[in-house]
Amino acid sequence: MTSFQFNIMDAAGYGYYRVWQERAYLLKLAFVPILIKFACTIAVFSLDLDKNVLRQGLIMLPSIFAEGWVLAQFLRTLLKNERWPMPIPEVPNMSLVGGLLNRAKGIIAAVLVYVLLGMLAYFSRYLAFELFPSDEEIESARKSLEDSQLANSSGQLAEDTDGLSQILTFFSFVPMVLLVLGVIWTFRLMWIYIPFSVLMPVKSYLRAVSGFMSSVYMLILFLASMVPATFVAIMLVRVIYNATDGMGESIVMLGNFVSIFISVSTEITVGLITTTAFAWVMRGFLPKNKECLNDFPSEQDRYKDQ
């Protein structure tokens, strides 16, 4: 069974290219969702919930809905050439009504799946914090083991304790490796809202992206699409923190608000870029209009050369 492979740099490049081309449309589309996410993020910090993952997820739920709506709307633009808001004639015919219902089903399905994935991500983080020891707990256990070894009067007992710790470390390492491999394989499920936006069956999607290496390619594409925009945002936030440091409480607070707004805007922008990149690499099997996703200059040049 062959893996789902593609040109990673072309896909990431198309994500940035198309989002930049649609910047005016996306600004209108994402303005209110950005404000919703900004308000939810401020609420998380104000209520001191940054370490309570489950409550944090509940507070962020409206923003996940809003972000899912933005991505679903843009996916319909990318794959079906539909733009928000859809114009409705005064006397609609049956075919138009059917098209609007199909569009609504795709958007609702994509939003609900995106929200489910978002809540699962928060729950997974909660389980990770609960199941795996923190750095403080690991350091405390190490010191306890060292103290017990020093307290042993017999050197053989200390060696036995050291050997037992090595065995336990090995048996804890194996499940960790298996867990990492499982997480990599399931990475393809993070993007299942894309086929849902055009009502593609789940079995067809999983068949199209079969093979373990498919998830590896998708993981690399995610990093290639996410890192540049995130790096620029981090640099901007650092400049703001350095510029407002020591300038009074009100200025520092203003700088924090601006930094959070930049972070929130970047998260939604990265979501649009990565979604566009993944939709582009899936264009071969997603149900879409023929003229859609054919506007990348490098692709046009390549077809001319052939």
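The lining of the second largest pocket comprises 17 nonpolar, 3 polar and 1 charged residues, where Ala, Val, Leu, Ile, Met, Phe, Trp, Tyr, Cys and Pro count as nonpolar, Asp, Glu, Lys and Arg as charged, and the others, Gly among them, as polar. The model is predicted, with local features requiring pLDDT of at least 70 and side-chain atom pairs pLDDT 80 or more, whereas totals for chains, interfaces and linings use all residues. Residues are numbered from 1 along each chain as its sequence is written, and side-chain values use heavy atoms, without hydrogens and water.

A pocket is an open set of points on a 1 Å grid over the protein atoms alone, where a 1.4 Å probe fits, with protein on both sides within 12 Å along at least five of seven lines; lining residues have an atom within 4 Å of a point. The second largest pocket has a volume of about 570 Å³, this being the space filled by probe spheres set on grid points joined across faces, edges and corners. Its lining numbers 21 residues, with Val19, Ile34, Ser265, Thr266 and Thr269 nearest the centre. Two or more lining residues come from each of helices H1 (8–21), H2, H10 and H11 (DSSP runs of H or I, at least four residues, numbered from the N terminus). H11 contributes the most, with 8 residues.

The largest pocket holds about 1,500 Å³ of space. Of its 45 lining residues, Tyr114, Gly118, Ala121, Tyr122 and Met190 lie nearest the centre. Helices H2 (23–46), H4 (61–80), H5 (94–131), H10 (212–244) and H11 (249–281) each supply at least two residues of this lining, to which H11 gives the most, with 11 residues. By class, the lining of the largest pocket has 26 nonpolar, 14 polar and 5 charged residues.
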